[in-house]
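Welcome to this short briefing.

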Amino acid sequence: MEAMSSIATLLHSFFLLSCLFFLANAIPKTHHHDFVVQSTPVKRLCNTQNAITVNGQYPGPTLEINNGDTLVVKVINRARYNVTIHWHGVRQMRTAWADGPEFVTQCPIRPGESYTYRFTVQGQEGTLWWHAHSSWLRATVYGALIIHPREGDSYPFQKPKRETPLLLGEWWDANPIDVVREATRTGGGPNISDAYTINGQPGDLYNCSSKETVIVPVDSGETNLLRVVNSALNQQLFFSIANHKMTVVGADASYVKPFTTNTLMLGPGQTTDVLITADQTPSRYYIAARAYASAQNVPFDNTTTTAILEYKSAPCPAKGTSIRPVLPSLPAFNDTATATKFSTSFRSPRKVEVPTTIDESLFFTVGLGVNTCPSGANANTCQAPNRTRFTASMNNVSFVLPSNFSLLQAHHQGVPGVFTTDFPAAPPVKFDYTGNVSRSLWQPIPGTKVYKLKYGSKVQVVIQGTSISTAENHPIHLHGYDFYILAEGFGNYNPKTDTSKFNLVDPPLRNTVSLPVKGWAVIRFVADNPGVWLMHCHLDVHITWGLAMAFLVENGVGELESLEPPPADLPVC
Ligand code: C2O
């Protein structure tokens with residue numbers, strides 16, 4: 001009897017313990033990392049460059065967390081440039097101080113200084129990434145941020161056997177900071193890159209690159225998850241795998257209604273999670289990416305980067321032979337039809353709550369421009385066509401970053417003179433945006449203007465591409481938010497007829513929309529995150545030229561609807 005009851009007690013405490021264990025497992029974790037930004041010799045394309053890296057790694061470290069976890073990343077700047085790190089796509093609820101864009105939410109971390117980014121990732125699952133947000137440093141300073149479901153939760157799709165992040169990048173056989181400085185000095189376009197990369201490696205089709213080509217292993221019959229990120233600076237990319245279809249299951253850390261495709265198209269900033277099944281003859285197949293170049297007469301890097309999908313049971317190539325894996329067929333560089341078919345295939349997995357009563361109905365034109373040089377100007381600094389300098393704008397304002405305060409600090413401390421709140425809700429004049437735009441409309445006005453939003457306001461933005469100077473596809477990214485993409489189309493947005501195209505049932509939730517060339521897109525979000533949030537084209541050359549604006553979202557009522565106080569180590573200018 002006695003023995004029986006002690007067994008019962010034992011069983012009981014075992015039960016309690018396992019409950020506790022289960023609970024402990026579901027408790028969010030805090031992950032601490034040190035990011036040392038430093039100059040590192042990196043050999044690519046037969047030459048060595050002193051690249052700026054994090055912890056000597058290129059690409060930088062992959063961070064893996066669970067939904068609900070907190071990241072504490074101490075960034076120590078041992079490089080000779082100012083730096084900041086942006087956590088691309090992280091909502092940063094109330095923690096705008098940790099968002100990272102230089103002079104927007106913080107002043108840069110000076111050489112020799114450090115700053116600790118602290119934030120919690122809540123309600124987002126899938127693939128995001130982090131990158132430098134200062135000049136063109138993100139060319140080499142970037143890495144994946146993988147958000148797994150909460151412990152105990154599963155994916156809304158078949159559990160993959162393996163998971164592989166594939167970061168697509170762009171490599172210059174030069175110092176990218178010199179490339180952007182030269183472009184800024186001359187006013188012309190920057191030099192195009194010399195290679196694209198997959199996880200930092202150009203792959204077999206480039207000189208001196210085949211030994212390091214990235215291998216993605218698979219076993220026959222497995223279904224694996226590939227997390228594809230476009231971390232290139234200035235180029236939209238097509239992505240394909242020979243003989244294998246891909247099932248898209250997520251994008252920008254939101255799940256999507258699965259669909260199958262042969263080709264992905266990602267604008268810089270965008271991520272796409274795909275499942276692939278190893279159902280082909282055991283062998284080696286190329287994974288390849290190359291440009292989707294939507295603009296006419298704009299030079300671009302037309303090379304192709306590859307990695308190899310390798311079946312573990314693939315027969316070894318006989319000694320002395322060099323049988324190349326099969327190359328996938330990639331769309332033509334200007335294949336807008338394929339890009340559009342892909343971008344418009346996204347749906348949320350189920351019915352979502354799209355804001356319907358709109359408080360702020362905004363119309364933003366986005367595109368390039370040119371500044372005419374004054375007659376006395378040095379010709380060397382006016383090297384865009386016809387003695388001009390390239391520029392870019394939103395609603396005819398070419399965005400200029402402040403240099404003495406960050407916008408968020410200035411807002412928080414009430415410092416006058418750093419920005420104005422008159423960013424226009426619509427362009428100053430209406431014109432045929434995608435037609436043959438009169439030369440008198442080519443020159444925007446520089447300014448540091450924000451658009452104020454009341455906490456909780458429901459916002460719609462019609463983003464309208466222009467064909468000023470050249471029309472092209474622009475990956476438009478909003479910090480601090482995910483937005484629903486209701487519709488997109490070509491030509492000028494027509495409020496009378498195009499509203500009928502709105503998907504108010506299951507539109508995709510994203511942080512970057514690929515704005516069609518000579519076209520428009522309509523997005524909606526609720527301004528529930530106070531702070532200053534940059535919206536910009538994710539082609540770095542266009543940010544450099546001013547294709548950006550910022551929303552200033554006011555605090556709501558009480559602490560939970562207000563921005564947290566700034567961290568004590570926030571860098572000051
Ligand atoms: Cu991924 Cu403002 O950037």
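How many disulfides does a search of the whole structure find? In this predicted model, the search finds 3 disulfides. Numbered in sequence order, the bonded cysteines of the protein chain pair as 1-3, 2-6, 4-5.

**Cys 46 and Cys 208**
- The sulfur atoms of Cys 46 and Cys 208 sit 2.0 Å apart, and the link is right-handed, with 95° about the S-S bond.
- Cys 46 lies in the loop between strands E1 and E2, and Cys 208 in the loop between E10 and E11, 162 residues apart.
- Cys 46 is partly exposed at 34% relative accessibility, while Cys 208 is exposed at 54%.

**Cys 107 and Cys 573**
- This disulfide is left-handed, with -90° about the S-S bond.
- Cys 107 is in the loop between E5 and E6 and Cys 573 in the segment after E32, so the pair ties together parts 466 residues apart in sequence.
- Cys 107 is buried at 0% relative accessible area, whereas Cys 573 is partly exposed at 38%.

**Cys 373 and Cys 382**
- The S-S torsion here is about -110°, so this disulfide is left-handed.
- Cys 373 is buried at 12%, and Cys 382 is buried at 4%.

**Helix H2**
- Buried residues in H2 (176–186) include Ile 177, Val 180 and Ala 183.
- The buried residues of H2 pack against strand E21 and helix H5.
- At the start of H2, a side-chain oxygen of Asn 175 comes within 2.8 Å of the backbone nitrogen of Ile 177.
- Gly 187, with a positive phi near 80°, follows H2.

Technical notes:
Residues numbered from 1 in each chain as written. Predicted model: local features only at pLDDT ≥ 70, side-chain atom pairs only at ≥ 80, totals over all residues. Heavy atoms only, no water. Buried < 20%, exposed > 50% of the residue type's maximum accessible area, 1.4 Å probe, protein only. Helix = DSSP H or I, 4+ residues; strand = E, 2+ residues; numbered from the N terminus. Contact = heavy atoms within 4.5 Å. Polar contact = N/O pair within 3.5 Å; in protein donor to acceptor, adjacent residues only side chain to side chain. Disulfide = S-S within 2.5 Å.
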